[in-house]
Amino acid sequence: MKSSLFRFLHPYLRLSLAVLLIGGLAFATGMGYCIKKSRALVTQLTDGNVIRIVNETFAYMENQVEVAEEGHLSLAWGTDRVGYPHLTGSNASEEDIFRFIEGALSRNPHSCGIGVGLLPSATSLRQGPYGFAAYVTTLSGKKERVRLGNLRDYTQMEWFAAPLQKDSPCWTHPYKDSSIGKVIVSFCIPIRSEGDSASIGVLCLDIDAERISRQCRDIIPFAHERISIVDDNFRFISHHDSTLLLQPTSADPHGLWAEYRQQADSTGQLKLESDDALCYFKRIPRTRWAICVECPKDEVYASIRSMERSTKLAAAISLFLLILCLAHILWKLQKVTRSKASLDEEIHIAAAIQKHMLPDTDAPNTNPRVDINGIIHPAKDIGGDLYDYFFHDGQLHFCIGDVSGKGFPASFFMAATRYLFRSTCATTDSPAEAVAAINNSLCTGNELSMFVTFFMGTLDLTTGRLLYCNAGHNPPVLIRTADGHPVCQAMEHPDGFPLGAIDDAPYTDGELTLQPGDALFLFTDGVTEAMNSHEEEFGDQRLMASLSNPKASSAADIVSNLRNDVNNHAGGAPQSDDITMLCIRLTENHP
């Protein structure tokens, strides 16, 4: 016995020793190379992650500008097109306009101030010697009203004169608010009275550049990152050194902005590297500003040094574990291989048995009164969907079901449901009574709380009278022909509880009459819930459109056409649920 066992193990012991020797030498040789190259690899990955974070920052900055413009354009559109009474009406008062501005400011959280200036010739309102201009600011932490018409000649200021001169919206150059020392940029739009093409004034929205810069910094996960923003004249709108605000970029001691101006391409995007930081530049097209994000190297690459120490320790431990794992894996290899082959064979047999349990719709139809076709495509080798039908005393008994779950448990529950359907439905004229009996049988001993949605029907092939019962399943689609075109309609009937869920659950019969040429299409939710790579479901709308194809005249055509549409929609995406279809069509010219 011992000699036989040794002869059996001897080749595996030699193989194990050979693999351990070769693996150990290869591991030791490759580890030095891996450690050498790991820094470059991690650096590349880290750079990619930093670029992603920086791009998110750029996108946020552009989005803030876009939101400011679109919100303000929408506000100006209202004054232009509808003649907003608080601005252009003959009865408008100063209080009306201030309230209008305060309301607009409340709806624009990105703004730190909104102003409305009117041409002196366009309004009878006066605040002082310069005309009428109302402004509300939140820079002090609360809303404050300012009457610019009483303070200065606003008509000569850039925020008022530039949009009127260009007759279009525009951004102003940055300026520093004298009261709080913050840099402000303004988006200004000319406004018109109703039915008048001439501008009567300007709507102005102020943005605190430092606030946007601060919000951008919140996106970056570094403690000492720095962000600077310059306008189209390359003057600093935002900078961590407040003394450089509104100064030209030539005043920056690092000289990076000068290098950017020389090297930037047409997109305005560039990466530069200083002694202590990675610097990413990008131009914002809507405003012609440019933004620079500086990421400190010490923080960006902090994990690399720790990684190198950990790699060396992990190498030693990994080599030891490799020896143990290889010995164990090779020892168990034969057993695992044999077990897997046996399991695959059992699954293949189970799938074949399950397939042969279903009716063969490819076999010649022995009843000319009805045309039937169906398919099942399991998501795994074996599934939980079912359909079945048989003829008895001039009637067609049929069903479709979808068992909760997948794999072996669902297949067993499916087989039990099919057996109960066959043994129960022919003993009663009421599908509801048969469904109730099947439900009570499935509830008995159902410790795993499995259930199956189920639809069952009995079709009198002579009269076309259909009795049916729905136990929580997708409503079938009734296909009728009107003026030579298929017309689809989901069958409406009160749903009952799925089978196996509740003892003695109530079920009711539904009834309708099929005319020659009418078809009944039954399906499981794997059809409508089939997804493509964008996670878009096939859905009821595509289902109805496919079933309305006038070229699909037979049951096989209807099933094949829908299956092709589902496959085209999925586009190669993995199937997540069993797909089952059954089409029953009453022939038009039966004896």
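What follows is a working chat about a predicted model of one protein chain.

Colleague: What does the secondary structure of the protein chain come to?

Modeller: There are 13 helices and 22 strands in the protein chain. Keep in mind that the model is predicted.

Colleague: And how many of the residues count as buried?

Modeller: The share is 46% of the 591 residues. The protein chain exposes about 30,300 Å², and carbon and sulfur atoms supply 54% of that area.

Colleague: What about contacts in the protein chain with a separation of 6 or more?

Modeller: Residues 24 or more positions apart account for 63% of those contacts.

Colleague: Let's go local. Which residues of strand β2 are buried?

Modeller: Phe132, Ala134 and Val136 are buried and point one way from β2. Ala133, Tyr135 and Thr137 are also buried and point the other way.

Colleague: Why is β2 described as largely enclosed?

Modeller: Because 6 of the 6 residues in β2, residues 132-137, are buried, the strand is largely enclosed by the rest of the structure.

Colleague: Which strands does β2 pair with?

Modeller: One is β1, residues 113-118, which pairs with β2 in the antiparallel sense over 6 bridges. Another is β3, residues 144-147, also antiparallel, over 4 bridges.

Colleague: What is between the strands in the hairpin of β2 and β3?

Modeller: There are 6 residues between them. In this hairpin, glycine 141 has a positive phi near 100°.

Colleague: Which residues of α4 are buried, and what covers them?

Modeller: The buried residues of α4 are Trp159, Phe160, Ala162 and Pro163. Their cover includes β1, β4, β6 (183-192) and β7 (199-208).

Colleague: Now the largest nonpolar core. Which members touch the most others?

Modeller: Ile97, Ile101, Val116 and Trp289 do, in a core of 45 residues. Helix α3, residues 94-106, gives the most to this core, with 6 residues. A second, separate core has 25 residues, including Leu358, Phe421, Val452 and Ala471.

Colleague: What does isoleucine 101 touch?

Modeller: Leaving out residues up to four places away in sequence, isoleucine 101 touches Ile114, Gly115, Val116, Ala134, Tyr135 and Val136.

Colleague: What makes the nonpolar surface patch?

Modeller: Leu313, Ile317, Phe320, Leu321 and Leu324 make a patch of about 500 Å². Phenylalanine 320 lies in helix α8, residues 302-357. With a relative accessible area of 52%, phenylalanine 320 is exposed. As for helices in general, an α-helix has 3.6 residues a turn, so residues three or four places apart point the same way.

Colleague: Switching to cysteine 488: buried or exposed?

Modeller: Cysteine 488 counts as buried because its relative accessibility is 19% and the cut-off is under 20%. The residue lies in strand β19, residues 485-490.

Colleague: What does cysteine 488 touch?

Modeller: Beyond residues up to four places away in sequence, cysteine 488 touches Val477, Leu478, Ile479, Met544, Leu547 and Ser548. From cysteine 488 to valine 477 the C-alpha to C-alpha distance is 6.3 Å, with the two 11 residues apart in sequence.

Colleague: Last one. Where is threonine 528, and what does it touch?

Modeller: Threonine 528 is in helix α11, residues 525-528, and is buried, with a relative accessible area of 8%. Not counting residues up to four places away in sequence, threonine 528 touches Phe523, Glu537, Phe538, Gly539, Asp540 and Leu543.

Key
Residues are numbered from 1 along each chain as its sequence is written. This is a predicted model: local features need pLDDT of at least 70, side-chain atom pairs count only at pLDDT 80 or more; totals for chains, interfaces and linings use all residues. Side-chain values use heavy atoms; hydrogens and water are left out. Buried means under 20% relative accessible area, exposed over 50%, partly exposed in between (1.4 Å probe, protein chains only). Helices (H or I, at least four residues) and strands (E, at least two) are DSSP runs, numbered from the N terminus. Two strands pair if DSSP finds at least two bridges between them. A nonpolar core is a set of buried Ala, Val, Leu, Ile, Met, Phe, Trp, Tyr and Cys residues joined through side-chain atoms within 4.5 Å. Contact means heavy atoms within 4.5 Å. Patches are made of residues with over 30% relative accessible area and no salt bridge: like charges are joined within 9 Å, nonpolar side chains (Val, Leu, Ile, Met, Phe, Trp, Tyr) within 5 Å. Accessible areas come from the Shrake-Rupley method with a 1.4 Å probe; for residues, only the protein chains shown count as cover. A salt bridge is a side-chain nitrogen of Lys or Arg within 4 Å of a carboxyl oxygen of Asp or Glu.
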